[in-house]
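Hello,

Here is the structure I promised to hand over. My notes on the sheet and the pockets follow it.

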Amino acid sequence: MEISVRNQSITELKSRNQMLTLVAVGLAATIFMMGLKLVFQSEIVIMQTPGMPNNTVIERSTFDKGAQMATLLAVTNAVSQINPANAEHQKIFLRAFLSPPAYTRIASEIDFKIEKAKSERELGSYYFVFQRYEYDHKLNRHFVIGEQHTVNAARDTAQPYVYEYTAHIENYRLWVDELTAYQSDRPHNSEWLEANKK
C-alpha cells in the first residue's frame, strides 16, 4: 500500500470522525434543550370543552375566565340533564371534572335522584338554558345562571336556576370542589349575602 493512499485514507477517517463528533454534540445539545423545555413548560392544552374560546391558554395552575366558564357550563349541562336513561354516562363525564370528595357526594345524590324518579315513574327529560356567567372575586365562587327545563308529557316547565361552584386548578385541569344548585334568578354572591345578613 502506498504511503500517499494510506495518508489520504487516514485524513478521510479523521474528517468523518470530526463530522460525526459534531453531529453527536449537536444531538446531545438538542436533547438537553428539549428536556429543559419539558421540565419548565407551563403552557399546555390538555382538554377542551364545547364553547371554550379560541386560543385559550391552559397553564399548570391557571385557566382564563373564558375557559373556566366553558368548563363549568359543560358540568352544569351534564348535571342538569340527568335522567334514568343517561345517569351512568353523565357520572362518567362528571368524574373528569369533579374532585374526588365532590364526585362521591354528587354521584350518591344522582343515584338517589334516579331511584326516586323511577319509583315515582317520573321519566321526563331535563335541560338547562344558559343565560349568564358570573364570578365573585371576594367569595372565589362561580355562578352559572339560567333556566332549568323539565319536559313531561309534552309539557315544558321552566324555572330560574343558579348553579354555584367552588373550583381550583391543578395540573392543567379545573376541579370542581363544591356544587350547589338552587331555584333563583339571583346568585348568592357577596352582594346578595351582604343584603341578606340577619
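**Pockets and sheet**

Helix H4 gives the most to the lining of the largest pocket, with four residues. Helices (H or I, at least four residues) and strands (E, at least two) are DSSP runs, numbered from the N terminus. A pocket is an open set of points on a 1 Å grid over the protein atoms alone, where a 1.4 Å probe fits, with protein on both sides within 12 Å along at least five of seven lines; lining residues have an atom within 4 Å of a point.

This is a predicted model: local features need pLDDT of at least 70, side-chain atom pairs count only at pLDDT 80 or more, and totals for chains, interfaces and linings use all residues. Residues are numbered from 1 along each chain as its sequence is written, and side-chain values use heavy atoms, without hydrogens or water.

In the largest pocket, 16 residues form the lining, and Val79, Lys113, Tyr161, Tyr163 and Ala181 lie nearest its centre. H2, H4, S2, S3 and S4 each supply at least two lining residues.

The second largest pocket also draws on H4: four residues, the largest share of its lining. Lys113 and Thr150 are among its lining residues.

Thr150 also stands opposite Thr157 in S3. S2 (residues 141-152) and S3 (residues 155-170) pair in the antiparallel sense over eleven bridges; pairing needs at least two bridges found by DSSP. The open sheet has four strands in the order S1-S2-S3-S4. Its edge strands are S1 (125-136) and S4 (173-183).

Best wishes
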